[in-house]
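Let's take a walk through this model, sheet by sheet and ring by ring. Keep the 3D view open as you read.

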Amino acid sequence: MKRRDFAKNVGLGILATQSLSSYAATKLFADQNAKVPIGLCNHSLRSMRLNAEQFIAYATIQKLDSILLNTFQPFESLEESYLIKLKDKAQDAGISIYMGAGSMSEKSTKFSNKYGAPDELLTEGIRVATLVGSPIVGVRIGAIDDRYLDGGIEAHLEAVIKVMKTSRSQALDAGIKFAFENHAGDLRSDELLTLINETGTDICGALFDPANAVWALEDPMVALKKLGSTIICTSVRDIQVWETDEGATFQGMAIGEGILDFQQYAKTMADLCPGVPLHVETISNSARTIPFLNPEFWEGFPNLKAKGLVDFLRMVKKGSPQEIIDPPKGMNQKEFDIELQQKELLKSFEYLRMNCHVGLK
């Protein structure tokens, strides 16, 4: 299904209304978790390749509070008139736009020089964020593989802290913070916290992803509490993790179908970082290995001590293996992925609203 067909044929509405049948029931609940807005990350519907305007339309139908466009890709243009139009459209719908610029570590295998050097990327990110009304520019190092490059993760940390400090005046003048993500296992929460504090909490905070914490051998609830009030943005999904001969494997799940306690998760966010949206980023049916029983694995975590693994290992023992689901006969992989991604996202919204009582609308 092409993204123009999605907008034309279903008006971003047929599947969206499925989860709204129970939406009214959430109005019966009134607790402190109502301080937690609910939103989506564009990567949840990655196979549909929607543009920013279509994400705003989808969020409007879903009665969401926020969207996270985690790279420049969903923007069809970076021209000022187009970005202002998007801001106005979102504001009219009562939706906040959070946006990201991607990897800012020139040493990372994930870095792209499409927008110039890292300082130029941050300058462009601040400009775009200002025009669309985003309070943050989401940034990151890259992925777990970057821990194994020359200099290890410390080389990346040193480089990105230096660039963000150089951009301090621009960020302060714009009233925008850099939201640094723990992305694809590249950073543990203590490393991210060090990065934030050394950069300065006046211009930097955390973009926390609980599944990515698992990739870096952490219990997401422990990491959430450690980062606490430094969290200024999120992308979230549930997880399953289980023991294997190599160590462990984990997989993203629809919220409510994994082993994370999202009722406690939402309460913790309401307590420690009220007002920060839960952007749902479902990534299911895709398992990742954590081969920590292989000696070579530890070359990327030379400073991690055994006590830092206790909570993670306890969590691993609770999980159960998941099978990868193949498309049914007669359906190709892309069609299957689009259908699954929509279903997983809507199940997550419904669970969060009905069981965790989040959302402002």
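What follows is a tour of the sheets, the helices that go with them and some of the side chains.

First, some ground rules: this is a predicted model, in which local features need pLDDT of at least 70 and side-chain atom pairs count only at pLDDT 80 or more, while totals for chains, interfaces and linings use all residues. Residues are numbered from 1 along each chain as its sequence is written, and side-chain values use heavy atoms, with hydrogens and water left out.

Let's start with the sheet of 8 strands, an open one with the order β7-β6-β5-β4-β3-β2-β1-β10 and parallel pairing. Strands here are DSSP runs of E with at least two residues, helices are runs of H or I with at least four, and both are numbered from the N terminus. Two strands pair if DSSP finds at least two bridges between them. The edges belong to β7 (231-234) and β10 (278-280); each has a single partner strand, so one side of each is left without a neighbour in the sheet. From one strand to the next, the twist averages 30°. For such angles, axes are lines fitted to C-alpha atoms (for helices, over the stretch in contact), and the angle between N-to-C directions runs from 0 to 180 degrees.

Now zoom in on a few strands of that sheet. Strand β4 (residues 136-140) runs parallel to strand β5 (residues 177-181), and 4 bridges join them. Gly138 has Ala179 of β5 as its bridge partner. Another 4 bridges join β5 to β6, again running parallel, and here Phe180 stands opposite Ala206 in β6. How enclosed is strand β6 (residues 204-208) by the rest of the structure? Largely, because 5 of its 5 residues are buried. Buried means under 20% relative accessible area, exposed means over 50%, and partly exposed is in between (1.4 Å probe, protein chains only).

Helix α13 (residues 333-356) lies across β1 (38-41) and β10, running at about 160° to β1. A polar contact of 2.9 Å joins its side chain to that of Lys347. The term means a pair of N or O atoms within 3.5 Å; within protein, one must be able to donate a hydrogen and the other to accept it, and residues adjacent in sequence count only if both atoms are side-chain atoms. Leaving aside residues up to four places away in sequence, Glu344 touches Met253, Ala254, Glu257, Thr282 and Ser284, where contact means heavy atoms within 4.5 Å.

On to the other sheet: 3 strands, also open, in the order β8-β9-β11 with antiparallel pairing. Here β8 (238-243) and β11 are the edge strands, each with a single partner, so one side of each has no neighbour in the sheet. The twist averages 25° from one strand to the next. Between β8 and β9 there are 6 bridges, with Trp242 standing opposite Thr249 in β9. Helix α12 packs on this sheet, touching β8, β9 and β11, and its direction makes about 90° with that of β8.

Thr249 itself is buried, with a relative accessible area of 8%. Apart from residues up to four places away in sequence, its contacts are Gln240, Val241, Trp242, Thr244, Ala287, Arg288 and Thr289.

Finally, the rings. The structure holds 7 aromatic pairs. Rings of Phe, Tyr and Trp (its six-membered ring) pair if their centres lie within 6.5 Å; planes under 30 degrees apart count as stacked, over 60 as edge-to-face and the rest as tilted. One of the pairs is Phe292 with Phe312, edge-to-face at 6.0 Å centre to centre and 80° between the planes. Phe292 lies in the loop between β11 (287-290) and α12 (310-318) and Phe312 in helix α12, so the pair ties together parts that are 20 residues apart in sequence. Both Phe292 and Phe312 are buried.

Phe297 and Phe301, by contrast, are stacked, 5.2 Å centre to centre with 20° between the planes. Phe297 is buried at 7% relative accessible area, and Phe301 is buried too, at 2%. Ring pairs link Phe297, Trp298 and Phe301 into a cluster. The charged end of Arg147 sits over the ring of Phe301, 4.0 Å from its centre; to count, CZ of Arg or NZ of Lys must be within 6 Å of the ring centre and within 35 degrees of the ring normal.
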